[in-house]
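Please open the model in the viewer and display the ligands together with the side chains.

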Amino acid sequence: MYMKRPAAIPDDVLERAHRGNCTKEDALILLEGSPFELFELADNLRASTTGDIVSYITNRNIYITNKCAGNCGFCAYRTEKGYILSVEEILKKVGDAWKAGVIEVCIQGGYIPEIDMEFYLEIVESIKAEYPELCIHAFSPMEIHYAAKISGMSIKEALRKLKESGLDSLTGTSAEILSDRVRNIICPEKINTQQWIDIIKTAHKTGISTNATIMYGHVETVEERLDHVFTIREIQKETGGFSEFIPMSFLPHNNRIGEKMLASGKFASTGLEDLQLIAISRIILHTHINNIQATWVKLGKKLAQFALECGANDLGGTLMEDQISTASGGNHGEYMSPAEFEWMIKGAGRIPVQRDTLYRKVEPGFSNKVGSLPAFGKAKISSKE
Ligand SMILES: C[S@@+](CC[C@H](N)C(=O)[O-])C[C@H]1O[C@@H](n2cnc3c(N)ncnc32)[C@H](O)[C@@H]1O
Ligand SMILES: Nc1c(NC[C@H](O)[C@H](O)[C@H](O)CO)[nH]c(=O)[nH]c1=O
Ligand SMILES: N[C@@H](Cc1ccc(O)cc1)C(=O)O
Ligand code: SF4
């Protein structure tokens with residue numbers, strides 16, 4: 001494959017990047033240099049790792065509740081008077097999604113006294129009983145921490161039971177920025193950095209895979225962003241349990257942190273910064289985490305498509321619903337059809353492949369005929385865009 005070599009990047013920096021040993025100093029040099037050379041290096045590493053294949057997943061988000069005992073300053077999703085879905089209501093949504101052709105449900109919500117480990121276990125067990133082929137990607141370290149506590153279980157026991165019930169993957173949200181300085185400003189009541197790391201490592205060691213996220217573009221410094229990515233790399237070296245890394249840009253509307261920023265004349269991250277973070281994440285995580293996701297629901301579709309030139313190899317999921325982004329001003333829609341993923345990927349000169357939660361290729365014979373999703377296409381696109 002033809003690869004142009006970025007000219008101004010020092011040889012030793014380049015060499016360490018290719019070997020999977022990029023240092024923080026290297027990362028700072030790369031970020032200070034030309035963004036085009038940064039993108040080129042990230043693109044080369046992507047090409048040598050995942051080639052021309054670009055993956056996406058047919059999934060549906062389900063939000064158990066929008067009530068939350070937490071009070072994160074960046075969150076507009078939580079409301080005082082909210083709903084709690086029953087297991088029957090959750091199963092109805094799962095069934096609709098299955099009929100529409102999804103391979104994964106992503107289940108999250110707030111944490112409240114009404115939701116304990118028994119409730120989470122019942123959700124997973126009843127979904128698996130009816131839809132054994134469906135991947136369940138659910139719950140965050142914060143939700144597990146809270147529910148285990150009110151159920152009087154250790155984290156280890158809670159995760160072991162979830163694994164036995166059939167949980168395929170835990171979400172890597174509530175990571176935000178893994179820095180206690182930042183967390184004390186944006187989410188002082190949330191689990192701290194070490195607690196997030198401990199829960200994730202316990203999940204991996206219990207045989208539950210997770211993804212990793214970063215939610216950036218608020219009060220953190222560039223160095224704190226980089227430290228976060230290096231922390232993820234260290235965990236991966238120890239456990240190998242991360243399936244992917246997802247940079248999620250902070251959406252600043254209708255929440256306290258964002259309103260303060262807007263009032264002082266600051267806006268959220270620029271498109272250039274979004275792409276630079278994707279590129280530097282690809283470089284730092286090279287040889288450790290193969291999959292870097294550009295999430296269209298946060299970035300917008302065309303920026304996500306361009307991110308495929310800057311180190312990303314995955315475009316995320318069909319989602320079908322996204323209460324979190326829309327609550328904070330996200331305006332890129334809540335559903336993207338498989339046909340649109342295919343157009344975007346082919347348009348970028350790449351090869352589209354549908355995957356499951358753990359990045360296994362979805363075989364054409366998959367009994368749920370992934371790819372049709374007829375019911376959601378028209379309804380969501382016409383009402384939201
Ligand atoms: C809303 S929570 C739901 C799960 C659980 N309550 C938790 O906090 O882990 C999921 C994630 O959404 C992301 N999120 C919330 N508000 C956001 C915003 N304004 N912009 C971008 N991401 C946001 C955060 O990264 C958060 O961890
Ligand atoms: N559910 C949301 C996701 N999901 C991430 C991917 O779909 C993921 O690859 C899969 O669920 C597990 O590997 N990403 C977002 O940015 N926002 C969501 O709501
Ligand atoms: N749904 C959350 C975050 C999320 C990210 C990745 C996941 O795998 C799951 C959930 C958001 O959009 O902000
Ligand atoms: S981010 Fe999660 S924990 Fe924080 S307030 Fe929102 S729902 Fe609750």
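Select E104 and ligand 2: a polar side-chain atom of E104 lies 2.7 Å from an oxygen atom of the ligand, a polar contact being a pair of N or O atoms within 3.5 Å (within protein, one must be able to donate a hydrogen and the other to accept it, and residues adjacent in sequence count only if both atoms are side-chain atoms). This is a predicted model, in which local features need pLDDT of at least 70 and side-chain atom pairs pLDDT 80 or more, while totals for chains, interfaces and linings use all residues. Residues are numbered from 1 along each chain as written, chains are lettered from A and ligands numbered from 1 in written order, and side-chain values use heavy atoms, without hydrogens and water.

With T357, a polar backbone atom is 3.3 Å from an oxygen atom of ligand 2. The protein buries 93% of the 430 Å² that ligand 2 exposes when taken alone (Shrake-Rupley method, 1.4 Å probe).

Next, colour β2 (59-63), β3 (104-108) and β7 (242-249); each gives at least two residues to the shell around ligand 2 (strands are DSSP E runs of at least two residues, numbered from the N terminus).

Now move to ligand 3. Select H137 and N211: each has a side-chain N or O atom 2.6 Å from an oxygen atom of ligand 3. For K298, the distance from a polar side-chain atom to an oxygen atom of ligand 3 is 2.7 Å. Alone, ligand 3 exposes 340 Å², of which the protein buries 86%. Finally, return to β3 and β7, the elements that give two or more residues to the shell around ligand 3.

Methods: Helices (H or I, at least four residues) and strands (E, at least two) are DSSP runs, numbered from the N terminus.
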